[in-house]
Amino acid sequence: MSTAPPQAWWQTFFSGLFLDAQRQIGAMMPTEAEADFLQQVLTPAPGARFLDVPCGTGRLALALAARGFAVTGVDMAEGLLQDARRGAAERGLAATFDQGDMQRLAFRDAFDHAFCFGNSFAYFDDEGNAAFLRGVCQALKPGGSFVLETGMSAEGIFANALRGRWYQFGDLYFLHDTSYDPAAGLLTSSYTLIRDGQIESKQAVYRVYTCRELLALFRAAGLEPLATYGSLTREPFALGARVLYVVARRAVE
């Protein structure tokens, strides 16, 4: 059985060497392809309002703002938000970034579209994850749409070997190892980061859902699933796909 990480691990996780690692990882992500995907599946009107939660460094929010959309990002990590705000100011983009808990979104009928990318879903227990989806639903205008990206689907995780891996980002070395607790449905990721003799260890825990379970959570939150994809090229989601994209819509009341 996996060792439980500290409660509310996400509150302090994105700091120190891991904050630097997040910046390095973000620079390697296919940001423009992700922005293309969002435009293809959401077909937003010119100037549409987007909610990005959690937004991290704002890399995808800024890409959409550069395409003429108004974007609001929400994240708990102030260090990441500082990067996002700096990027918006430097480029003169219509993007704002607010600090907040994704489980307690306060928006009402405010956005045409919303998205959650960067493998940022399932940080919480079932009620916390459901609260996030309900908050997204309430933040959308009736008929508004939402896209979730997650690498924590059971169909993806269990069809691919769980094993430790070393990565290198510049002068930063990064070990990622995983363990799974089947009784709780929890995947624990253990990280060791090393740079110039400095060593930092952290853990993160994710709730693993099957695609069917996740779609049920969407419906319970008031979001009707429209499509599931296994890639940015819109291949149908299938067993073994490492990433699951769910496209859903808030019901028109």
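The legends below describe close-up views of a predicted model. Local features are given only where pLDDT is at least 70 and side-chain atom pairs only at pLDDT 80 or more, while totals for chains, interfaces and linings use all residues. Residues are numbered from 1 along each chain as its sequence is written, and side-chain values use heavy atoms, with hydrogens and water left out.

**View 1. The largest nonpolar core contains 58 residues.** A nonpolar core is here a set of buried Ala, Val, Leu, Ile, Met, Phe, Trp, Tyr and Cys residues joined through side-chain atoms within 4.5 Å, where buried means under 20% relative accessible area, exposed over 50% and partly exposed in between (1.4 Å probe, protein chains only). Phe-121, Phe-132, Leu-133, Phe-146, Leu-214 and Phe-218 have the most contacts inside this core, and its largest share, 6 residues, comes from helix 6 (residues 126-139). Helices (H or I, at least four residues) and strands (E, at least two) are DSSP runs numbered from the N terminus. A second, separate core of 28 residues includes Leu-42, Phe-50, Leu-81 and Ala-95.

**View 2. Asp-52 is a buried residue of strand 1.** Asp-52 lies in strand 1 (residues 49-52) and counts as buried because its relative accessibility is 3%. Leaving out residues up to four places away in sequence, Asp-52 touches Ala-61, Val-71, Thr-72, Gly-73, Val-74 and Phe-115, contact being defined as heavy atoms within 4.5 Å.

**View 3. A cis peptide bond joins Val-53 and Pro-54.** The omega angle of this bond is about -10°, and Pro-54 belongs to the loop between strand 1 and helix 4 (59-65).

View 4. A cavity is a set of points, on a 1 Å grid over the protein atoms alone, where a 1.4 Å probe fits but cannot get out, and lining residues have an atom within 4 Å of a point. The structure holds 1 cavity of 30 Å³ or more. Residues lining the largest cavity include Phe-121, Thr-150, Met-152, Arg-207, Cys-211 and Leu-244, and the lining divides into 7 nonpolar, 3 polar and 1 charged residues.

**View 5. Thr-43 and Asp-196 have positive phi angles.** Thr-43, although not a glycine, has a phi of about 45° and is found in the loop between helix 3 (31-42) and strand 1. Asp-196, likewise not a glycine, has a phi of about 50° and lies in the loop between strand 8 (186-195) and strand 9 (198-207). Thr-43 counts as exposed because its relative accessibility is 63%, and Asp-196 counts as exposed at 72%.

Terms used
On a 1 Å grid over the protein atoms alone, a cavity is a set of points where a 1.4 Å probe fits but cannot get out, and a pocket is an open set with protein on both sides within 12 Å along at least five of seven lines; lining residues have an atom within 4 Å of a point. Grid points are joined across faces, edges and corners, and a volume is the space filled by probe spheres set on the points. Ala, Val, Leu, Ile, Met, Phe, Trp, Tyr, Cys and Pro count as nonpolar, Asp, Glu, Lys and Arg as charged, and the others, Gly among them, as polar.
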